[in-house]
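Morning, everyone. Please take a moment with the sequence and the model, and then we will walk through them together.

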Amino acid sequence: MMFRDQVGVLAGWFKGWNECEQTVALLSLLKRVSRTQARFLQLCLEHSLADCTELHVLEREANNPGNKRFKISSKSENVQSSMNED
């Protein structure tokens with residue numbers, strides 16, 4: 001089987017996976033690349049995401065300390081709020 005065919009098979013599997021499975025598979029593959037390959041991929045991703053307005057908005061919201069939608073609370077806060085609900 002030629003490399004092109006192997007890539008096609010892998011792409012078919014990838015398409016059938018959910019986002020979590022795709023992310024885990026990509027991370028597993030990325031852990032195996034050289035620094036040069038990683039840098040090339042970084043530049044490709046930065047270039048393709050540079051004009052992604054939706055991503056920039058989500059990042060800004062996630063990094064806004066006043067945004068409760070993305071706020072991660074500590075265990076003690078969760079316990080305190082649970083106690084207050086009773």
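**The annotated region and the pocket**

Let's start with the record. UniProt, in an unreviewed entry, lists residues 13-47 as "domain: RNA-binding protein vts1-like alpha-helical". Such positions are given in the numbering used here, feature names are shortened, and annotations may be inferred rather than shown by experiment. This is a predicted model: local features need pLDDT of at least 70, side-chain atom pairs count only at pLDDT 80 or more, and totals for chains, interfaces and linings use all residues. Residues are numbered from 1 along each chain as its sequence is written, and side-chain values use heavy atoms, with hydrogens and water left out.

Back to residues 13-47. That stretch is 83% helix and 0% strand, and its end C-alpha atoms are 26 Å apart. The chain has five helices and zero strands. Helices (H or I, at least four residues) and strands (E, at least two) are DSSP runs, numbered from the N terminus.

Next, the surface. Of the 86 residues in the chain, 3% are buried. Buried means under 20% relative accessible area, exposed over 50%, and partly exposed in between (1.4 Å probe, protein chains only).

Now the largest pocket. Which residues line the largest pocket? They are L10, F14, W17, A25, L26, L29 and L30. A pocket is an open set of points on a 1 Å grid over the protein atoms alone, where a 1.4 Å probe fits, with protein on both sides within 12 Å along at least five of seven lines; lining residues have an atom within 4 Å of a point. α1 (3-16) and α2 (19-30) each supply at least two lining residues. The largest share, four residues, comes from α2.

Last, the rings. The whole structure holds one aromatic pair. The ring centres of F14 and W17 are 6.1 Å apart and the planes sit at 65 degrees, so this pair is edge-to-face. The cut-offs: centres within 6.5 Å; planes under 30 degrees apart are stacked, over 60 edge-to-face, the rest tilted. F14 is partly exposed, at 28% relative accessibility. W17 is partly exposed too, at 30%.

How values were computed. Phe/Tyr/Trp six-rings, centres within 6.5 Å; stacked < 30°, edge-to-face > 60°.
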